[in-house]
Amino acid sequence: MSESSIGRVVEEVAREFGRERWRLMDIARGVQQRLGCVNSQAMDAIASWLNISRVEVEGFVTFYSFLSKEPKGRIVIRLCDDVIDQMAGYEEVRRGFEAALGISLGQTTPDGAFTLERTACIGMCDQGPAALVNDVVVTNLSSDKARNIVRSLRENPRPERLVQRFGSGNNAHPLVRSMVENNIRKAGPIVFSEQARGEAIRKAVAIRPAEVIRAIKTARLRGRGGAGFPAGMKWEFARAAEGSPKYVICNADEGEPGTFKDRVLLTEMPDRVFAGLTIAGYAIGASEGIVYLRAEYAYLRRYLEHILDRRRADGLLGQKICGKAGFNFDIRIQMGAGAYICGEETALINSCEGRRGEPRTRPPFPAQRGYLDCPTVVNNVETLACVTRIMEAGPATFCEHGTPQSSGTKLLSVSGDCSLPGVYEVPMGITLRDVLEMCGADEAAAVQVGGPSREMVGPAQYGRTIDYDDLATGGAVLVFGPDRSIPKIVSAFMDFFVHESCGECTPCRVGTRLIKEQIDRILAGRGEPKDIDELLQLGETIKQTSRCGLGQASPNPVLMTIKGFRHVYEELVSPDPHGYQRSFDLTESVREAERIAGRRSIHHREVRT
Amino acid sequence: MSKPRLATCSLAGCFGCHMSILDIDERILELAEVIQFHKSPITDIKTFTEHCRIGLVEGGCANEENVEVLRAFRRNCDILVSMGDCATMGGIPALRNFVEIEECLREAYVDGPSTHNPDGVIPRDIELPLLLDKVRPAHEVVRMDYFLPGCPPSADTIWAAVTALLSESPVDLPYPLVKYD
């Protein structure tokens, strides 16, 4: 493509978003979509249109995995390689795609038609192995299906044609048309209760904003993303904060491997989520809301836009909402571009502003200075759905469920070795044992509650409860049967952190890699007893010295499993009788020199004395 | 009772640490009173014939011979000390870790501006130990017991460490001995 036509594309896209610097995400995504990459000329052009430095654009583009400097194929196949998909047969699927395309992972076919990549969890663990074909989700893959997909894409390069049977519920909606299944195994009394569109907002605007906040505080609603910060308190801070305008953001960047409940919520209950965001806006005095939707869920975008349009038409968004004079509020959807860390609220705010999704140093907290340096509330999708229900049915009804410290229900995304993977709405305080029974995990040998950054527990601890006092979770429950190797699972989790570390601080950038190498050495039978304690020491160092939550959580897979399953590691390690480091492999180390010299190393003849 | 034996070696190092040993000057006589030098460049003893109390290792491992020597030290010494920055961290030789070894060899033997090698042969004689893919500090190859930083550690540092190890008192080096700025 010629330089002038690249310039034209960039100009068009930049104009579409008002040449605003803070819309860099949309601009870069637009350019990526039209050109198949954001190459050097495109970056120069973007920089000059937005009047920012070239390095800012480059830093941005290289941060996000859905943006690329190198040209991608017209169809990008992104294979999800999280641990659950690996258990479900990722390797065979990968080989199937590689064979059919004649390229290996990370490559593009010579004709520029296909790129094959790996990607972190795309939120389809209950129907894996799964992949994204451009924006289209394909699930329950096998090597046969992989070959068929390639064949049909060669015949007709429109990924949407791959969907022959629609999934349940709104996945069959004309604007979604996806094969994704909801797998709602248990609909509870709050999030999945009967919807009464508009009722919650009408009730909210009938009372003063401070009273709305009081209702949320009375319900003792805590953040459903996992951290559990009291939602009412967060709103109160933002309401009291100086500065305007104020913003509310819905965090739909569900990236924790093994979590997919927000996907189902957005598919089936989008009105309830948008209502919650609107109520949050009313409560803190905001007139603009943003839904930050992860790039992996782009297939839901047109449908969600349609729901927003319908709400505008019904007077639930826009000017004078529900007739309330002075309450004007609208919502826009901000797409992400594939970065796990953007689920952290300050990173998410940076990303919304068209910056690298790196966490900010706190304070100031977003409630004081967030999006565009204005007071901002960021709430999880599920939290907002709870807000709506609290306004509908009252705080007392909400508190009837759960425990005093953790009121309400919790959505769990259950996947792995169980017969009924899917979404469960359970009361807070439920024991893990009850959850496992519900999902048909009779033989669970270990359960990762809350995804890689949280805790892995064994059978002796199945009596523990899922709530903010014990096993706090954003919703992921990964079940592992007795045949699974825990260090292997940990190795897969570490792959994830190695890939997602932004690289800014050394403990996380280097430490995650060191842990990964050490675990792999242990798995290869080259571990020594001292390695286990070294791993603990390294993990503690990373935890204490990393700047953001990702880094602090990154050693958790290894720390938690050594704590709970030390014997598994001990069985894999042994000391060297001579005091040699078993991690050092002389044969491997001289292989390259042997090739260059064209002879074998004499050490092959070495006899130990 | 026979005197405890001490062995030293220089692997991928510059012999600077050994020069620093010699810098203990006349104290070497004092040292000879209480220890016996065994395998060492100083004595020119090539192989271990007896077990040693202390082994001082200069340099990291850059080739297979370094590995073999270091492993022999591990087998034959009770206490192994990484002496100097190369043994401790890889040091200057480890700068080549950022370059493929084929490129290193070509630069040294073929492409270097002062090289005259019309046949473009990279030496491959069986006498020449093969390079490792990466230069490694000593403790990545065998277990090491003590680390003496410094490039080189001063004679006083080495003296203090060796005398402490011989007297079996804790090796507690005063700050000035390990301060390098």
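Predicted model: local features only at pLDDT ≥ 70, side-chain atom pairs only at ≥ 80, totals over all residues.
Let's start with two helices in chain A, helix 10, residues 231-240, and helix 12, residues 270-284: their axes come within 8 Å and cross at roughly 45 degrees.

Now let's step back to the whole of chain A. How is chain A divided into domains? We have domain 1 at 3-63, domain 2 at 75-165, domain 3 at 185-399 and domain 4 at 409-480.

I'd like to pick out domain 1 and domain 3 of chain A. Taken over C-alpha atoms, their centres are separated by 29 Å. The two domains do touch: nine residues of domain 1 of chain A are in contact with 11 residues of domain 3 of chain A. If you want to find the domain 1 side of that contact on your screen, look for helix 2 (24-35) and helix 4 (54-63) of chain A, the elements that give two or more residues to it. By class, that side of domain 1 has five nonpolar, one polar and three charged residues.

You'll find His306(A) in helix 13 of chain A, which covers residues 301-313. Is His306(A) buried, exposed or partly exposed? It is partly exposed, because 15 other C-beta atoms lie within 10 Å, and a residue would need 20 or more to count as buried, or 12 or fewer to count as exposed. For a sense of distance, compare His306(A) with Thr473(A): the two are 167 residues apart in sequence and 31 Å apart in space, C-alpha to C-alpha.

Last stop, the meeting of the two chains. Here 18 residues of chain A are in contact with 19 residues of chain B. On the chain A side, the elements giving two or more residues are helix 23 (586-589) and helix 24 (591-597). Which of the elements provides the largest share of that side? Helix 24 of chain A does, with five residues. As for the classes, the chain A side divides into seven nonpolar, seven polar and four charged residues.

Key:
Residues numbered from 1 in each chain as written. Chains lettered and ligands numbered in written order. Contact = placed C-beta atoms within 7 Å. Helix = DSSP H or I, 4+ residues; strand = E, 2+ residues; numbered from the N terminus. Nonpolar A, V, L, I, M, F, W, Y, C, P; charged D, E, K, R; others polar. Axes fitted to C-alpha atoms, helices over the stretch in contact; angles between N-to-C directions. Domains from an automatic or database assignment.
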